[in-house]
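Please read through the structure shown below with its sequence at hand.

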Amino acid sequence: MAAARQGAGRWRALPLARGLKMAAASRSGPPAGEVEAVAAAWMLEFACCCLCRRFGDGCAAEFQRWSDVAHALINGLSKIPTHQKKAVYLCQLLIRIAKGKKLECHFENDKRISPLESALSFWTLLEREEVELEKLHKDIHQLIQIQIVAVYMENGYFKEASEVLERLFTDSESDKPLRMKLATVIKSKDPYVPLLQSFSYNVLISKIKSYIELFMKENETNFLLQAATKQVESQGLGATALQSTTVNADENDKENLEAKQRPRSGGKLRGRTVLQSLNSLQNMEKHGNALASIRKRQRWTYKEDLKLKSGVKEFGVGNWAKILVYGDFNNRTSVMLKDRWRTLCKIQQG
């Protein structure tokens with residue numbers, strides 16, 4: 001009997017337990033998954049803004065840190081929400097542009113695709129998301145195309161430059177002028193032609209920064225940025241930071257003024273430093289050591305030849321010590337520069 005009463009009590013308790021559970025769920029608010037999705041969206045927009053800022057100020061370490069954050073958040077998305085497409089595409093674009101000169105970096109399964117070529121695909125996606133910036137879109141699109149070819153040529157990969165040209169351009173008439181110009185540049189095997197110098201990597205970075213400024217103006221209402229701003233203002237941290245900045249600026253001005261008051265001694269110090277560097281290089285050539293024998297066995301790379309030619313243009317033939325410092329050659333001496341220049345001249349004459 002007691003067991004029967006206990007069983008009956010348990011059955012009566014079940015509906016009550018279910019009711020309490022449902023009531024608790026209604027009081028706890030929306031499902032956790034939805035809440036997490038909204039928070040993740042805020043974090044991604046915030047990470048994108050920080051990535052844009054770090055790209056603009058050129059801080060490589062901070063840019064890499066926010067690249068990792070953005071990459072992790074993007075990988076956590078099962079599907080890109082429509083309102084977040086621009087942020088995702090822009091993050092992917094900036095990460096690839098930052099690695100644009102490093103052909104050893106790969107973002108695609110196809111190892112032929114360089115970082116800039118991968119960046120172009122995301123820029124194309126960004127172009128589809130907006131129509132009011134047609135001129136800027138076209139400029140950046142063409143700059144990326146030119147620099148894809150230029151980076152290959154700077155590294156002496158002329159065959160790869162020709163191959164990528166086929167992938168970059170269609171047979172449309174609008175693409176034909178630029179395609180023909182780049183084909184001519186590749187045949188010349190000269191990465192210093194006016195076209196590549198006029199539409200340089202620095203020009204591309206400048207245009208990207210212009211686009212970032214417009215993007216940041218559109219995203220001033222980011223929730224986390226607004227919340228953080230209010231928190232800082234409420235705690236008076238903004239005034240403290242401003243005061244600290246003012247003090248640092250005053251100290252910097254004082255140091256700059258003191259430096260200006262002793263220009264001659266500073267000039268002599270810099271002169272001695274350069275002379276010491278040149279003397280040490282000359283002593284190494286004069287006396288010789290084990291490192292010199294290693295240098296002799298090093299083959300000259302295409303990049304080193306370009307540095308040497310650029311140095312001769314800048315300082316003239318015979319100023320090998322200056323060219324050595326200017327070109328930042330690795331394990332080379334001024335005598336080796338002179339010998340290599342003679343070899344290049346013979347090759348050109350032959």
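Is S114 buried or exposed? The model is a predicted one, and in it S114 has a relative accessible area of 4%. The cut-off for buried is under 20%, so S114 is buried. S114 lies in the loop that runs between helix 4 (85-98) and helix 5. Leaving out residues up to four places away in sequence, S114 touches L103, I148 and Y152.

The overall composition comes next. The secondary structure of the protein comes to 17 helices and 0 strands. The protein has 350 residues, and buried residues make up 31% of them. Among contacts in the protein with a separation of 6 or more, 64% are accounted for by residues 24 or more positions apart.

A pair of aromatic rings is described by two quantities, the distance of the centres and the angle of the planes. The structure holds 5 aromatic pairs. One of them is formed by F55 and F63, with 5.9 Å centre to centre and 55° between the planes, which makes the pair tilted. Both F55 and F63 are buried. Another pair is formed by W123 and Y211: their geometry is edge-to-face, at 5.1 Å centre to centre and 80° between the planes. What does this pair tie together? W123 lies in helix 5 (residues 115-129) and Y211 in helix 10 (residues 201-218), so the pair ties together parts that are 88 residues apart in sequence. Both W123 and Y211 are buried.

A ring can also face a charge. The charged end of R332 sits over the ring of W300, at 4.2 Å from the centre of that ring.

The next topic is the largest pocket. It holds about 480 Å³ of space. The pocket is lined by 21 residues, and the closest to its centre are K138, Q142, Q145, S174 and L178. Which elements give two or more residues to the lining of the largest pocket? They are helix 5, helix 6 (134-154), helix 8 (176-188) and helix 10. Helix 6 gives the most to this lining, with 7 residues. By class, the lining has 10 nonpolar, 5 polar and 6 charged residues.

The loop between helix 8 and helix 9 can be read residue by residue. K189 is found in this loop, and its phi is near 55°, a positive value in a residue other than glycine. Most residues other than glycine have a negative phi. K189 counts as exposed, because its relative accessibility is 51% and the cut-off for exposed is over 50%.

Is P191 buried or exposed? At 5% relative accessibility, P191 counts as buried. Apart from residues up to four places away in sequence, P191 touches M153, E154, L196, Q197, Y302 and L306. For L306, the separation from P191 is 115 residues along the chain, while the C-alpha atoms of the two are separated by 9.0 Å.

One of the residues touched by P191 is Q197, which is found in helix 9 (residues 194-198). Q197 has a relative accessible area of 44% and is therefore partly exposed. Apart from residues up to four places away in sequence, Q197 touches P191 and Y192. Q197 and A150 are 47 residues apart along the chain, and their C-alpha atoms are separated by 9.4 Å.

With a relative accessible area of 41%, Y326 is partly exposed. Which residues is Y326 in contact with, leaving aside its neighbours within four places in sequence? These contacts are S310, G311, E314 and F315. Y326 and L308 are 18 residues apart in sequence and, from C-alpha to C-alpha, 9.4 Å apart in space.

Conventions: Residues numbered from 1 in each chain as written. Predicted model: local features only at pLDDT ≥ 70, side-chain atom pairs only at ≥ 80, totals over all residues. Heavy atoms only, no water. Phe/Tyr/Trp six-rings, centres within 6.5 Å; stacked < 30°, edge-to-face > 60°. Buried < 20%, exposed > 50% of the residue type's maximum accessible area, 1.4 Å probe, protein only. Helix = DSSP H or I, 4+ residues; strand = E, 2+ residues; numbered from the N terminus. Lys NZ or Arg CZ within 6 Å of the ring centre and 35° of its normal. Contact = heavy atoms within 4.5 Å. 1 Å grid on protein atoms, 1.4 Å probe; cavity = no way out; pocket = protein on both sides within 12 Å on 5 of 7 lines; lining within 4 Å. Points joined across faces, edges and corners; volume = space filled by probe spheres on them. Nonpolar A, V, L, I, M, F, W, Y, C, P; charged D, E, K, R; others polar.
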